Amino acid sequence: MNPEIGHYALVLSLAVALLMTVIPAWGARTGDAALMRVGSTLALVLAGFVGLSFATLVVAYVQSDFSVLNVVENSHSAKPLLYRITGTWGNHEGSMLLWVLVLAIFAALVALFGANLPARLKANVLAVQGSVATAFLLFILFTSNPFTRVIPPPAEGQDLNPILQDIGLAIHPPLLYLGYVGFSITFAFAVAALIEGRIDAAWARWVRPWALTAWAFLTLGIAMGSYWAYYELGWGGWWFWDPVENASLMPWFAGTALIHSAVVMEKRDALKVWTVLLAILAFSLSLLGTFLVRSGVLTSVHTFATDPTRGVFILAILVFFIGGSLALYALRAPMLRQGGIFAPVSREGALVLNNLLLTAASAAVLVGTLYPLALEAYNGAKITVGPPYFNLTVGALMLPVAFAMPFGPLLAWKRGDLAGAAQRLMAAFGAAIVIAALAAYAQGGGPVLAPFGMGLAAFVVIGAMAEVIERAGFGRVPRATAFARLRGLPRSVFGGALAHAGVGVCLFGIIAETSWNAERIAGVKVGGSFEVGGYELTLDRLEPRNGPNYRDLVGVFTVRQGGVEMGTIESAKRLFTARNMPTTESGIRTMWFSQLYVSLGDELPGGGVGVRAYWKPFVTLIWIGSLIMALGGALSLSDRRLRVGAPKPAKKPKAKADGASPVPAE
Amino acid sequence: MTRKGRRLLVISCAAGVLFVAAGLVLFALNDTIVFFRSPSEIAAEGTRPGTRLRLGGLVKDGSVQHTDGTHVRFVVTDGGADMGVTYVGLLPDLFREGQGVIAEGVLAPDGSFTADSVLAKHDETYMPKEVADALKKQGVWKEGEGTP
């Protein structure tokens, strides 16, 4: 396919996005139903054109079309097919195109499945979505065109950054973008509601599935990025408090707060103004993340290239959307009528606490991330805000969240019974104490916080089940009745419990890994051994191997525990020949939930090789917990109430037919 | 409790959380920020030993010595001044002589630098921004020249 087709499709997309911004909004203003309906058609056309453009770029990569500058700079004909495809978004231009593609897909989904949205709300949502698309399409066409040609075309490309030549690139960015950009829908809903000056519980019902979808993808994207960094960078760390990681964590906190406050709004018609603000903040933080990553103000693995004009352009987009939406919020929010009052100790009260702590955590991360930039702009001092800052602030704010988490679902709406909830959590609390005692016994001397943290994690996991058990009535009614009730419970109850349990599992992994990990750095000759975390590793041999576009130096280690052979670990130093750039291919052996992690350093002058080995107990629980969280989100999404979406006056047969379609929201 | 009273309670709770969070942030910031310095700046300022710093510059050609498997010594230079660094551990993949590097650690009493982490670039065409600025200050490298 011809790259000019892609370029042309991109220009057409811009025109369509512009129309999509203006026509439905005009229709909503004048009450012209026909104009409002045009929005849906335009959203589908937009998705089509952006999709065509993206597909053209993918084809250029697959065919190694070196007349396209972007392909020359980021691909190589010897690269395996998978990395030629993923290389499409392994660079600035391509990743921005993917960003817009996800945006267009979400707009198309609203158009397709938003049939029961009020026409005016839908038109405004699509118009807002169109305006975001317009801004980013302008950005791509003027500063980051992926279809620029080179004449004459070089014979070979410069290859993709070897760190990115990994299956992680196929998974992490698309998931993360589905999360980031997914919040554009909730943002569009919030702005549309503000434009109309009208908001109600039904609004929360429409918004919740989108917020949940975006949140679940963002959770997966962050977890995947963390695991990728863990095995690829060879330092054995799974979270570095790198500004770019922080950029994804901030919208995650805001999004987590949003999916909780939307529940209050839907069920109790309260916290409206706050929910709208969170919806705006979640996407604003996503935009800020895009700015931090793409503008080059920060140095990180994610910074592909620096070009000042791009930074200024994204900053302008940022100011326009965040400033505009917040100004609109300031103008219109007082018009939104507040409903539902509640006592401080109640389900609402617990959710307010959750929201306060999550937004405070988000703000703490924001301060830590932007403070160095602000200080440098102010007096030129170059500083780093390191992990201790984030561990202290986020840790201190998240501990009460974890502790309060099992209580929340057990409190009644409007007025809750804290003593009653505590009573029902006695079993969980007892189990937590047992686990804390076991942990204290297992570690002997050591950090006091570790047993405490594990007890807390166990409390969260077991406490998460308390609501399900309570609602089914186990212990109060005959077992058969309880099981029958269990089947009748809405799926969102299970989803919530599962997601909460996931948090506990993740917390357990984090605490176990940070308190009990063992590290060993050694120079080892072939035949030599060393010990880490109770395991004995012997370097059997060092052998060179050849790959399609790289050469490996593989170290083969035998693992023994107490003299018994457990298996082997292969760890490699990989040299990518096109860029003459080495990467570490760490060797990992998973034993239950724990991992032995070996990475190779440089070959030593006197023979042998530098080795860094870690014993990481329960480390996989960090990612398994995140998976469970996302799974909980997905389970909640499959709840019939959410699929049906809007509240219906009565159960007509037609409503039932609507509910059967397997779409996230209608 | 009246509606007004409840609202007051919620707002005061919110203010309490925000207050605690702000206190935490200030306390933590005070304690954990690390300044970036180039060798010339350290020489000029007479930084006290024991200060935690991020030292940045180029790895001086021919200065890297592996004393045994894991102990490494090298010299960081910005053209104006040099600083010896000792480090125990594996060097990052892109650590090379003549290339940009950032070492985080503590200034020792003997005037050398004990690093506990060493960061090189993520990409062979990329120079850490702080290092690039420090080198520009010393006139070693100019914008648009490409990475040294």
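Which residues in α8(A) meet which residues in α9(A)? In this predicted model, the α8(A) side is made up of A:Ala201, A:Ala204, A:Arg205, A:Val207, A:Arg208, A:Ala211, A:Leu212, A:Ala214, A:Trp215, A:Leu218, A:Thr219 and A:Ile222. Facing them in α9(A) are A:Ser248, A:Leu249, A:Pro251, A:Trp252, A:Gly255, A:Thr256, A:Leu258, A:Ile259, A:Ala262, A:Met265 and A:Glu266. Sorted by class, the residues of this contact are 16 nonpolar, four polar and three charged.

## Two helix pairs in chain A

Two packed helices are described by the angle between their axes and the distance between the axes. For α8(A) and α9(A), the angle is about 150° and the axes lie 9 Å apart. Angles over 145 degrees count as roughly antiparallel, and α8(A) and α9(A) are therefore roughly antiparallel to each other. The crossing of α8(A) past α9(A) is left-handed.

A second pair to look at is α1(A), residues 3-30, with α6(A). Here the axes come within 7 Å and cross at roughly 150°, which makes α1(A) roughly antiparallel to α6(A). The crossing of α1(A) and α6(A) is left-handed. By class, the contact of α1(A) with α6(A) has 17 nonpolar residues, along with seven polar and one charged.

Here are the two pairs in one table:

| Helix pair | Crossing angle | Axis distance |
|---|---|---|
| α1(A) and α6(A) | roughly 150° | within 7 Å |
| α8(A) and α9(A) | about 150° | 9 Å |

## Backbone details in the loops

Start in the loop between α6 (119-143) and α7 (167-196) of chain A, where A:Pro152 has its place. The peptide bond leading from A:Ile151 to A:Pro152 is cis, and its omega is near -5°.

The loop between α6 and α7 of chain A is also the place of A:Asp159. A:Asp159 is not a glycine, although its phi is positive at about 75°. Is A:Asp159 buried or exposed? A residue is buried if 20 or more other C-beta atoms lie within 10 Å of its own. A:Asp159 has 23 C-beta neighbours inside 10 Å and therefore counts as buried.

Moving along to the loop between α8 (201-232) and α9 (243-268) of chain A, you will find A:Trp241. A:Trp241 is a residue other than glycine with a positive phi, near 55°. A:Trp241 counts as buried because it has 20 C-beta neighbours inside 10 Å.

## An open sheet in chain A

Chain A also has an open sheet of five strands, in the order β3-β4-β5-β6-β7, with antiparallel pairing. Its edge strands are β3 (529-532) and β7 of chain A, each of which pairs on one side only. From one strand to the next, the twist averages 30°.

Within this sheet, take a look at β4(A), residues 535-546, and β5(A), residues 550-561: ten bridges join them in the antiparallel sense.

Now for the partner chain. Chain B has three helices and seven strands, and along the sequence they follow the pattern α-β-α-β-β-β-β-β-β-α. Of the 148 residues in chain B, 35% are buried. Among contacts in chain B between residues at least 6 apart in sequence, 54% join residues at least 24 apart.

How many residues of chain A are in contact with chain B? There are 42 of them, and they touch 34 residues of chain B. The elements of chain A that each supply at least two residues to this side are α12 (347-379), β1 (383-385), α13 (387-404), β2 (518-524), β7 (581-585), β9 (594-603) and β10 (609-616). The largest share, eight residues, comes from α12(A). On the side of chain A that touches chain B, 26 residues are nonpolar, twelve are polar and four are charged.

The two chains also pair through strands. β1(A) runs antiparallel to strand β1 of chain B, residues 33-37, and three bridges join them. To find this pairing in the viewer, look for A:Val385, which stands opposite B:Ile33 in β1(B).

Notes:
Residues are numbered from 1 along each chain as its sequence is written. Chains are lettered from A and ligands numbered from 1 in the order in which they are written. This is a predicted model: local features need pLDDT of at least 70, side-chain atom pairs count only at pLDDT 80 or more; totals for chains, interfaces and linings use all residues. Two residues are in contact if their C-beta atoms, placed from the backbone, lie within 7 Å. Helices (H or I, at least four residues) and strands (E, at least two) are DSSP runs, numbered from the N terminus. Ala, Val, Leu, Ile, Met, Phe, Trp, Tyr, Cys and Pro count as nonpolar, Asp, Glu, Lys and Arg as charged, and the others, Gly among them, as polar. Two strands pair if DSSP finds at least two bridges between them. A residue is buried if 20 or more other C-beta atoms lie within 10 Å of its own, exposed if 12 or fewer, and partly exposed in between; C-beta atoms are placed from the backbone. Axes are lines fitted to C-alpha atoms, for helices over the stretch in contact, and angles run from 0 to 180 degrees between N-to-C directions. Angles under 35 degrees count as roughly parallel, over 145 as roughly antiparallel, 65 to 115 as roughly perpendicular and the rest as oblique. A crossing is left-handed if the near helix is turned anticlockwise from the far one by less than a right angle, and right-handed if clockwise.
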